[in-house]
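Welcome! Take a moment to look over the chain below, and then we will walk through it together.

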Amino acid sequence: MAARGEIDHHASVQTTVRVTIKAPPALVWTVLSDIAHWPVWQPDIQATSIVEPIGTDTPFQWTTPGGTISSRIVLFEPGRRLAWIGHLLVFRAIHVWMLAVLLNGETEVTTTESLSGWPITLFYSSDELRQSDQRWLDMLRQEVERRAASASPSRG
C-alpha cells in the first residue's frame with residue numbers, strides 16, 4: 001500500500017496535514033529528498049544515515065528524541081511523491097509526501113502518516129502525530145522559502 005502512496009487506514013494512529021510553500025515543487029523536492037541534511041533544518045531529527053543516490057528501496061536510519069527509526073523508501077517519484085516505511089521497536093510507520101504545483105507556481109505539500117503496532121496508542125495519539133507532522137511541514141516551508149529567497153536576485 002505504501003508503494004502506491006497509501007497509508008495503513010486501519011492503523012490506530014493516523015493524520016494528514018498540508019502546507020503551501022512559496023516555491024516551485026523542484027526546490028521543495030530538493031530539500032525534502034535530501035535525507036542526509038534533514039537535521040540541518042529539522043530540529044526534531046538529530047541524525048540521519050543513508051547511502052546515496054536515493055531511490056525506491058533505499059534504506060535509511062534517522063534518530064529523533066524517541067529513538068532511531070529504520071526506514072526504507074518505497075515510493076520515489078521526483079518532484080511528486082515520496083513514501084517510506086519505518087520501524088521502531090514493534091511500531092510501524094508509513095509516511096507519504098505529495099507535492100502539487102499550484103496555479104501561482106507555489107507548491108502544496110501534503111503529508112499523510114499512519115502508526116501501527118500494539119500498544120502505540122499508549123505512547124502516541126493521532127493528535128500528537130498531527131502536531132509533529134505540522135512542525136515538520138512548517139520547518140520544511142521555512143527552509144525552502146529561505147533558499148528561494150536567497151536564490152532570488154535582490155531588488156534595489
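In which loop is Pro119 found? Pro119 sits in the loop between E7 and helix H3 (120–123).

## Before we start

This is a predicted model, in which local features need pLDDT of at least 70 and side-chain atom pairs count only at pLDDT 80 or more, while totals for chains, interfaces and linings use all residues. Residues are numbered from 1 along each chain as its sequence is written, and side-chain values use heavy atoms, with hydrogens and water left out.

## The chain as a whole

The chain has four helices and seven strands; helices (H or I, at least four residues) and strands (E, at least two) are DSSP runs, numbered from the N terminus.

The C-alpha atoms fill a box of roughly 60 × 30 × 30 Å along the principal axes. Of the 156 residues, 44% count as buried, where buried means under 20% relative accessible area, exposed over 50%, and partly exposed in between (1.4 Å probe, protein chains only).

## The sheet and its helices

The seven strands form an open sheet in the order E1-E7-E6-E5-E4-E3-E2, with antiparallel pairing; two strands pair if DSSP finds at least two bridges between them. Strand E1 (13–21) and strand E2 (47–50) are at the edges with a single partner strand each, so one side of each has no neighbour in the sheet. From one strand to the next, the twist averages 20°. E2 pairs with strand E3 (residues 59–64) in the antiparallel sense over four bridges, and here Ile50 stands opposite Phe60 in E3.

Now for the helices. Helix H1 (residues 25–32) lies across E1, strand E4 (67–77), strand E5 (81–88), strand E6 (91–101) and strand E7 (107–116), and runs at about 155° to E6. Axes are lines fitted to C-alpha atoms, for helices over the stretch in contact, and angles run from 0 to 180 degrees between N-to-C directions. Helix H4 (residues 126–151) also packs on the sheet, where H4 touches E1, E3, E5, E6 and E7 and makes about 20° with the direction of E1; contact means heavy atoms within 4.5 Å.

## Aromatic rings

Rings of Phe, Tyr and Trp (its six-membered ring) pair if their centres lie within 6.5 Å; planes under 30 degrees apart count as stacked, over 60 as edge-to-face and the rest as tilted. By this rule there are 12 aromatic pairs. Trp29 and Phe76 have ring centres 5.3 Å apart and planes at 65°, so this pair is edge-to-face. Because Trp29 lies in helix H1 and Phe76 in strand E4, the pair ties together parts that are 47 residues apart in sequence.

Trp29 is buried, with a relative accessible area of 9%. Elsewhere to look, ring pairs link Trp38, Phe60, Trp62, Trp84, Trp97 and Trp136 into a cluster.

## Details in the loops

Let us return to Pro119: the peptide bond from Trp118 to Pro119 is cis, with omega near 0°. The bond from Glu52 to Pro53 is cis too, with omega near 5°, and Pro53 is found in the loop between E2 and E3.

That loop between E2 and E3 also holds Asp57, whose phi is near 80°, a positive value in a residue other than glycine. Asp57 is partly exposed, with a relative accessible area of 48%. Leu89, in the loop between E5 and E6, has a positive phi near 55°. Is Leu89 buried or exposed? Leu89 is exposed, with a relative accessible area of 77%.
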